[in-house]
Amino acid sequence: MAIREIIQPGDHPYVFGRYHEPIARVSPGEIVAIYTEDAFEGRITGPDTLPSQVLGKYLNPQTGPIYIEGAEPGDTLVVELLDIEPTRDWAVSCLVPYFGGLTSTMMTRTLQDPLPELVWIYRRQPDGTWAYNDRFSVKPRPFMGTIGTAPDLEALSSLTPHMHGGNMDVPDVCAGNTVYLPVNVPGAYFSTGDCHVAQGEGEACGVALEVSGKVTVRFGLIKNRPIMWPRIVSPEDIMTIGSARPLEDAARIALAEMVEWLQSEFQYAKWDAYQLVSQTAKLTIANLVDTYYTVVAKISRTYTADTVSHTR
């Protein structure tokens with residue numbers, strides 16, 4: 001089967017919303033390769049290119065929106081991630097003044113001085129790792145930092161994770177996994193971008209190993225089966241995602257979503273589901289830096305083995 005390529009034909013949008021004209025229309029079952037820019041739209045190219053000199057107000061350019069034929073509000077969009085690959089041999093990370101998990105920000109104000117502007121360039125090595133000079137190297141685990149559909153009314157910044165998905169920075173949005181997103185508008189208006197070579201849980205400084213990329217996906221639809229927040233299925237786990245501030249509210253969303261998923265799809269009684277989550281769930285912090293924080297709850301698929309296929 002030929003794989004259709006989707007490249008942003010003009011300026012990249014910096015929002016998830018229904019108000020940009022779709023750049024492509026895709027049918028469920030179709031496989032497409034989507035090309036994305038890095039979080040800085042390629043403007044930071046070396047250690048002497050400071051963010052304050054080359055970046056504007058916006059980060060995370062999106063490729064999209066993509067119109068999914070047949071998608072209607074109340075459906076669930078299925079995004080099967082077949083492959084994610086960087087499209088260049090170097091990645092960038094940096095410190096941005098008043099941004100990150102360990103500094104003052106616009107949302108968390110103190111009288112602390114801003115961080116220094118520093119840039120790290122990581123280069124792909126013959127052994128497959130990505131190295132910063134001769135100091136250290138990182139094993140790659142490519143994933144998409146931003147992925148989502150349009151909210152039903154407002155347009156949300158591509159820096160913002162919320163119920164539509166968005167800038168969740170979840171490392172489990174990787175090849176081999178399937179992401180489930182709510183459909184809020186006809187056509188879903190799917191967008192993605194912000195490819196990462198790798199990232200630690202929490203994305204402490206706010207900037208992963210940013211790279212341009214190509215993500216190959218197959219779209220599907222689950223008709224008349226609405227979900228409120230994004231979900232992920234991997235070969236090992238099912239996952240629910242919550243994004244909010246404070247952090248504990250993001251965790252509560254993820255946990256409550258897991259309880260409800262176990263109850264509605266996997267035939268658990270409500271309080272049995274709560275008990276199973278209490279004793280076996282794993283919580284990871286995807287990001288502690290964005291406009292909302294993101295937490296992922298995970299349950300082993302061994303607890304859903306008889307029914308997990310019903311979600312596909």
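## Rings, cores and a sheet: a guided look

Guide: Welcome! In this predicted model, ring pairs join Tyr122, Tyr132 and Phe136 into a cluster.

Visitor: How many aromatic pairs does the structure hold?

Guide: There are 8 aromatic pairs. One of them is formed by Phe190 and Phe219.

Visitor: What makes Phe190 and Phe219 a pair, and why is it called edge-to-face?

Guide: Their ring centres lie 5.0 Å apart, and rings pair when the centres are within 6.5 Å. Their planes stand at 75°, and an angle over 60 degrees counts as edge-to-face. The pair of Phe190 and Phe219 is therefore edge-to-face.

Visitor: Which parts of the chain does this pair link?

Guide: Distant ones: Phe190 belongs to strand E16 (residues 190–196) and Phe219 to strand E17 (residues 213–222), 29 residues apart. Both Phe190 and Phe219 are buried.

Visitor: Which residues have the most contacts inside the largest nonpolar core?

Guide: Phe190 and Phe219 again, together with Ile34, Leu77, Val79 and Ile147, in a core of 39 residues. Strand E6 (residues 76–86) gives the most to this core, with 4 residues. A separate core of 15 residues includes Ile227, Val233, Ala273 and Leu276.

Visitor: What does Ile34 touch?

Guide: Leaving aside residues up to four places away in sequence, Ile34 touches Phe190 and Phe219, and among its other contacts are Ile6, Thr63 and Val217.

Visitor: What makes Arg25 count as sitting over the ring of Tyr67?

Guide: Arg25 lies over the face of Tyr67, at 3.9 Å from the ring centre. The distance limit is 6 Å, so the value of 3.9 Å meets it. Arg88 is placed over the face of Trp90 in turn, at 3.7 Å from the ring centre.

Visitor: How do you know that strands E15 and E18 pair?

Guide: Strand E15 (residues 178–182) and strand E18 (residues 231–233) are joined by 3 bridges. Pairing needs at least two bridges, so these strands qualify. They run antiparallel, and Thr178 has Val233 in E18 as its bridge partner.

Visitor: Why are E1 and E20 called edge strands?

Guide: The open sheet has 9 strands in the order E1-E4-E17-E6-E15-E18-E19-E21-E20, with mixed pairing. Strand E1 (4–6) and strand E20 (282–287) each pair on one side only. From one strand to the next, the twist averages 30°.

Visitor: Which helix packs on the sheet?

Guide: Helix H2 (residues 247–265) does, touching E18, E19, E20 and E21. The direction of H2 makes about 140° with that of E19.

Terms used
Residues numbered from 1 in each chain as written. Predicted model: local features only at pLDDT ≥ 70, side-chain atom pairs only at ≥ 80, totals over all residues. Heavy atoms only, no water. Core = buried A, V, L, I, M, F, W, Y, C linked by side-chain atoms within 4.5 Å. Buried < 20%, exposed > 50% of the residue type's maximum accessible area, 1.4 Å probe, protein only. Helix = DSSP H or I, 4+ residues; strand = E, 2+ residues; numbered from the N terminus. Contact = heavy atoms within 4.5 Å. Axes fitted to C-alpha atoms, helices over the stretch in contact; angles between N-to-C directions. Phe/Tyr/Trp six-rings, centres within 6.5 Å; stacked < 30°, edge-to-face > 60°. Lys NZ or Arg CZ within 6 Å of the ring centre and 35° of its normal.
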